[in-house]
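Thanks for asking for a second pair of eyes. Here are my notes, written so that you can follow them with the structure open beside you.

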Amino acid sequence: MKTNIFPAIKLTLVTLIFFSAVYPALIWAVAQLAPNNGHGRVVTANGKKYYANIGQTFTKDRFFNSRPSAVGYNAAGSGGSNKGPSNPEYLGIVQARIDTFLVHNPGVDKKDIPVELVTASGSGLDPDISPKAALVQVKRIASVRKVSEDKIKQIIDSNTEKPLLGLFGPDKVNVLSLNLALEKL
Amino acid sequence: MNTEILGVIAMYAVTILLAIPFGKYIAKVYAGEKTLLDVVLTPVEKLFFRISGIDRKAEMNWKQHMVALLTINFVWFLLGMFVLMNQGWLPLNPDGNPGQTADLAFNTSISFVVNCNLQHYSGESGVSYLSQLFLMFLHFLSAGTGMAAAVVIFIALKERTAEKLGNFYNLLVLSCTRILLPASILVAIFLAFNGTPMTFGGKDSIISMQGDTVGVSTGPVAAFVAIKHLGTNGGGFYGANSAHPLENPNYATNMVEMFAQMIIPLAMIFAFGFFLKRKKMAWMIFGVMTLGFLLLCVPTIIWEVNGNPAIAQMGVDMGSGAMEGKEVRFGSAASGFWSIATTVISTGSVNSMHDSSMPLSGMMQLLAMMTNAFYGGCGVGILNFFIFIILAVFISGLMVGRTPEFLGKKIEGREMKIAMIVALLHPLLILAGTALATAFPEITSANLNNPGFHGFSEMLYEYTSSAANNGSGFEGLGDNNPWWNITTGFILILSRFIPIIGPIAIAGLLANKKYIPESAGTLRTDSATFGMMVLAVIVIITALSFFPSLTLGPIAEYFSMR
């Protein structure tokens with residue numbers, strides 16, 4: 001013990017400086033070359049700044065709605081609902097979300113509501129929905145905004161992100177870019 | 001084929017393919033051979049040793065190794081307590097987060113020292129940037145500790161008869177500078193260019209399109225996330241860990257983070273083969289581990305892709321699977337795969353919330369940590385597997401009526417006693433912990449986020465995750481209070497150091513024994529038959545120890561939903 005304690009303390013201090021200061025400083029320096037200097041991806045529209053990767057609450061009928069969130073899309077925190085699959089209270093909430101959706105989207109068949117629209121994400125900040133989840137909202141948005149359904153479908157089409165290299169992972173569409181495009185119509 | 005499944009296969013295949021050359025590189029590093037990075041890193045390492053007054057060539061026996069390992073770990077623990085409790089007034093705290101309470105700091109400090117990263121706080125509000133940087137230091141050094149311990153075994157098994165097994169500090173530093181650091185730099189830069197923040201500016205605030213004002217937590221995330229995965233630590237920068245869109249912005253980063261957490265545990269198996277010049281043995285270990293991994297992983301992906309039957313009954317489109325607690329950009333297949341990879345390997349980072357997984361997927365996640373020997377964490381995976389090899393050698397030796405031998409060394413009573421203690425400690429800690437928590441419902445039941453069987457699973461998961469040094473959680477559990485902080489804290493210590501000391505003691509004892517040349521009468525330990533024997537030992541021990549507790553939790557929940 002005695003022979004080890006001082007070398008251990010000294011080695012701790014020198015490696016502490018190296019791994020907690022030199023290493024992050026190096027990454028920070030390289031990140032200055034990254035998009036937006038390592039502050040995260042940002043979109044600006046009408047002079048307002050949004051984070052491209054951070055989802056937002058969209059509940060109004062004139063917008064593409066985003067997924068439910070356990071933290072209200074406030075990225076000062078993050079987290080999921082952590083509800084178990086058999087929790088009766090939770091299943092009641094999901095049922096209520098389905099009913100609400102049907103009220104806001106008359107004419108939509110229940111079997112066309114993708115499950116992610118009525119379940120909360122893990123981070124509570126999910127920026128995306130699937131293209132199907134966007135398409136199911138077209139009718140409502142078209143009637144609220146009084147534009148043709150085709151125009152709105154076009155927006156979905158041009159904003160859909162294909163799987164990585166066309167091969168890996170799911171299709172998705174960023175809700176913020178959809179809604180920014182809607183506002184430009 | 002479905003692009004989600006294809007993504008999972010690609011992710012896994014690339015990792016295995018790269019693990020072989022990386023394993024060769026690791027073996028070279030520990031053998032002290034020349035590598036490309038010598039030019040840059042040799043001076044750095046020399047500086048480390050000169051300042052700390054360590055003679056890296058002074059070899060140690062297994063006991064000296066353990067004293068050195070425990071001493072330096074204790075220094076890190078004390079320093080961690082100090083930083084976490086005083087972060088409120090220490091510098092680099094732009095968000096003004098308060099210091100941690102003593103019990104939380106105790107749990108957090110231990111948890112990061114032992115490579116577990118059970119986080120009873122949320123990164124956004126529970127720690128300052130200074131603490132995050134300190135935890136990042138522990139990410140490196142705790143992973144290095146596990147790898148150094150594994151290499152002590154490599155050395156002990158390589159020599160025919162040896163007392164001296166290398167220098168602990170040398171192995172520790174080499175693990176960090178030669179293996180973890182270069183890989184971390186590459187991964188961190190990739191993340192930064194994909195939108196992961198790397199800034200010291202503190203919280204931002206924006207007004208959303210619907211007019212809500214919300215905060216956005218940033219920080220030096222890219223550097224942190226890289227080593228959190230490479231070191232199989234798993235402690236996230238943010239509360240939501242790698243489900244957070246800034247920690248894991250897209251499918252490509254998800255693949256890279258998955259790769260990063262699997263590569264070193266896989267490469268260590270091949271490094272073992274290269275180092276000992278016993279490649280066939282490495283393939284036997286790899287085969288058993290891979291079979292075990294697939295048995296856990298494939299059903300989980302199927303259950304997650306099929307989705308929640310209780311929600312399917314409501315009549316919505318279940319095409320995307322069980323999406324509660326999951327992110328659209330990863331999908332249910334890659335999330336199911338991740339949930340098993342992170343529990344098999346002791347990372348414990350999550351890209352979906354395990355609490356919301358299907359009941360039997362939750363059971364697979366639990367089983368992955370209960371066996372704790374398929375791939376496993378940085379270095380410690382091999383150590384755990386080594387115990388099962390010793391048990392299998394002994395049992396099969398008895399079955400065929402031969403003296404149990406492993407790599408030319410006799411396995412005798414003393415080694416067997418140590419192996420049994422290590423093998424039984426794991427179920428003891430998990431089951432005793434869970435039993436204690438259920439025995440005091442007036443303290444613990446208020447912390448549960450779900451009623452019934454699932455609530456029991458939350459407690460079982462917490463102790464399993466602690467005892468496997470994993471760090472993931474059924475995060476619905478309200479675990480930041482003295483009960484959970486203190487009980488899991490002690491389990492963390494025991495379940496980290498005894499499974500390190502045990503195997504090293506066995507290896508040290510074996511290294512001292514006389515070498516018996518292999519002959520026709522020797523039980524071959526690198527054959528497929530022996531591999532199946534090891535798998536059988538693992539399965540039987542796990543099943544006997546844990547089946548009753550699993551029936552009370554996930555299995556009962558599964559049947560209640562039908």
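The points below go from the chain contact to the sheets and then to the helix pairs.

1. **Before you start.** This is a predicted model, in which local features need pLDDT of at least 70 and side-chain atom pairs count only at pLDDT 80 or more, while totals for chains, interfaces and linings use all residues. Residues are numbered from 1 along each chain as its sequence is written, and chains are lettered from A and ligands numbered from 1 in the order in which they are written.

2. **Where the chains meet.** Helices (H or I, at least four residues) and strands (E, at least two) are DSSP runs, numbered from the N terminus.

3. Look for A45(A), which stands opposite K48(A) of β2(A). Two residues lie between the strands of this hairpin, and N46(A) in the turn has a positive phi of about 50 degrees.

4. **A sheet in chain A.** Three strands form an open, antiparallel sheet in the order β3-β5-β4 of chain A. β3 (128-129) and β4 (160-161) of chain A are at the edges with a single partner strand each, so one side of each has no neighbour in the sheet. Two bridges join β3(A) to β5(A) (residues 172-174), and D128(A) stands opposite N174(A) in β5(A). Helix α6 (residues 175-184) of chain A packs on this sheet, touching β3 and β5 of chain A, and its direction makes about 55 degrees with that of β5(A).

5. **α1 and α12 of chain B.** Helices α1 (residues 3-31) and α12 (residues 331-344) of chain B pack at about 30 degrees, with axes 7 Å apart. Axes are lines fitted to C-alpha atoms, for helices over the stretch in contact, and angles run from 0 to 180 degrees between N-to-C directions. The angle makes α1(B) roughly parallel to α12(B). Angles under 35 degrees count as roughly parallel, over 145 as roughly antiparallel, 65 to 115 as roughly perpendicular and the rest as oblique. Residues in this contact include E4(B) and I5(B) of α1(B) and F337(B) of α12(B).

6. **α6 and α14 of chain B.** Helices α6 (residues 129-158) and α14 (residues 380-400) of chain B have axes that come within 8 Å and cross at roughly 45 degrees. That makes α6(B) oblique to α14(B). Their contact residues divide into seven nonpolar, one polar and no charged.

7. **α3 and α18 of chain B.** Which way do α3(B) and α18(B) run relative to each other, roughly parallel or roughly antiparallel? Helices α3 (residues 62-86) and α18 (residues 482-512) of chain B pack at about 160 degrees, with axes 9 Å apart. They are therefore roughly antiparallel. Among the residues in contact are W62(B) of α3(B) and F497(B) of α18(B).

Methods
Two residues are in contact if their C-beta atoms, placed from the backbone, lie within 7 Å. Two strands pair if DSSP finds at least two bridges between them. Ala, Val, Leu, Ile, Met, Phe, Trp, Tyr, Cys and Pro count as nonpolar, Asp, Glu, Lys and Arg as charged, and the others, Gly among them, as polar.
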